[in-house]
Amino acid sequence: MIDLSDIENAFVASLGQKLTGSASVGNPPAARPNIAGVKDARGQTVEIRIKRGFPVSAAIDEDMDAGRVLIIVGPEQGMTRILKPLRSPPVVTHTVPITMSVEVTDPTVAIKGLGTAGQVVGIGVGNTGYAYRCVGGETASAVAQNLASQINGAQVSQNQIYVPGGHKLIAGVVSDSFTSVEVARQVQAFRIAIYAPTPAIRDAIGRLIAPTLMQVRRFELEYGVTNAPKYLNVWTDDTTAKVDIFKRVERWEVEYPTNAVEQVPGVLFAGLNSSGKLVGQFHPDGPITIERIINV
């Protein structure tokens, strides 16, 4: 699901790219020279630090004493609205890449490649299927050993499995997919505050915030997509308790979904009946083909 921190990081990245040329979200965040040409009274390029969360006074003082601008992003309390979720079918967001392969030459199955988490390698022997789920980092020989240990009478030579008994052998590799479905939708307001050592620097940087965010069409996050940030309001504060700290605050609203993510295993066997007749087959690279038997 999308967390508040994901949206905060998206704001930080967008502002960082526009103001400093870097979308990096560091912890702690680095101070970088602005690329908008804003200079201080000495003609030096002003540095900007952009971060999540509301800083303590000492942290603000440190940047002000160094002549830097500090921009912070955080959620506003009491500024949340709940909307109806958009009802739509689950969407596949990611499928684990297949990095292993199998080759059947009766009565031998050869395993190739390197195992990664989320892959399943299987062998069908007659009417019985055997499978091994990779945890990541296994060699083909290790996967072959794990599979052979499940099959009665099977023997292993490096990455090859010998299966006695004259059974029909099939083998394949599948991987997990992850699906996402929206279960809730909400609107949250965020505060973007600028702290600057002079009013002129504050205003020069502040006038760049709205044009930057108004060009963002959406935040594409790991667990979903938001709408475009919506401008709410802005104000300045020149009467803070600290001297030489000049503040500007903007509020922006973001609508975003809460998505439930499910792990869906791939189909390794598509049916072996009790008589040993194959009625389906592995489908590591394509659709399942089912043999239909009709009695007249």
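Q158 counts as exposed, because its relative accessibility is 64% (exposed means over 50% relative accessible area, buried under 20% and partly exposed in between, with a 1.4 Å probe and protein chains only). The model is predicted: local features need pLDDT of at least 70, side-chain atom pairs count only at pLDDT 80 or more, and totals for chains, interfaces and linings use all residues. Residues are numbered from 1 along each chain as its sequence is written, and side-chain values use heavy atoms, with hydrogens and water left out.

**Overall make-up**

- The protein has five helices and 16 strands (DSSP runs numbered from the N terminus, with H or I over at least four residues for helices and E over at least two for strands).
- Of the 296 residues in the protein, 41% are buried.
- The accessible surface is about 15800 Å², and carbon and sulfur atoms hold 51% of that surface (areas come from the Shrake-Rupley method with a 1.4 Å probe, and for residues only the protein chains shown count as cover).
- Among contacts with a separation of 6 or more, 62% are between residues 24 or more positions apart (a contact means heavy atoms within 4.5 Å).

**Confidence**

- The mean pLDDT of the protein is 88, and 89% of its residues reach 70 or more (pLDDT is the predictor's confidence in each residue, from 0 to 100).
- Over residues 272-296, pLDDT stays under 50, and the model has 46 contacts beyond four places in sequence for this stretch.
- Where pLDDT is low, the predicted coordinates should not be read in detail.

**Backbone features**

- Most residues other than glycine have a negative phi, and most peptide bonds are trans.
- Q158 is not glycine, yet its phi is positive, near 55°.
- Q158 sits in the loop between β9 (155-157) and β10 (160-162).
- A cis peptide bond runs from N27 to P28, with omega near 0°, and P28 is in the loop between α1 and β1 (31-33).
- Another cis peptide bond runs from D106 to P107, with omega near 5°, and P107 is in the loop between β5 (100-105) and β6 (108-113).

**Aromatic rings**

- There are three aromatic pairs (rings of Phe, Tyr and Trp, the last by its six-membered ring, pair if their centres lie within 6.5 Å; planes under 30 degrees apart count as stacked, over 60 as edge-to-face and the rest as tilted).
- F11 and F219 make an edge-to-face pair, at 5.2 Å centre to centre and with 75° between the planes.
- F11 is in helix α1 (residues 4-20) and F219 is in the loop between α5 (209-213) and β13 (220-221), so this pair ties together parts 208 residues apart in sequence.
- Both F11 and F219 are buried.
- The ring centres of Y231 and W252 are 5.4 Å apart and the planes are at 70°, so this pair is edge-to-face.
- Y231 is in strand β15 and W252 in strand β16 (residues 246-264), so the pair ties together parts 21 residues apart in sequence.
- W252 is buried because its relative accessible area is 0%, whereas Y231 is partly exposed at 33% relative accessibility.
- F11, F190 and F219 belong to one aromatic cluster.

**Surface patch**

- M214, Y231 and V234 make a nonpolar surface patch of about 270 Å² (patches are made of residues with over 30% relative accessible area and no salt bridge; like charges are joined within 9 Å and nonpolar side chains, namely Val, Leu, Ile, Met, Phe, Trp and Tyr, within 5 Å).
- Strand β15, which holds Y231, covers residues 230-237.

**Salt bridges**

- Side chains of opposite charge can pair when their charged atoms come close.
- The whole structure has 15 salt bridges (a side-chain nitrogen of Lys or Arg within 4 Å of a carboxyl oxygen of Asp or Glu).
- R191 and E76 form a salt bridge, with the closest N and O atoms 3.3 Å apart.
- This pair links distant parts of the chain, with R191 in strand β12 (residues 177-196) and E76 in strand β3 (residues 69-83), 115 residues apart.
- E253 and R81 form a salt bridge, with the closest N and O atoms 3.2 Å apart.
- E253 is in strand β16 and R81 in strand β3, so to speak distant parts of the chain, 172 residues apart.
- R248 and E250 form a salt bridge, with the closest N and O atoms 3.1 Å apart, and both residues are buried.
- A network of salt bridges links E47, R49, D63 and R68.
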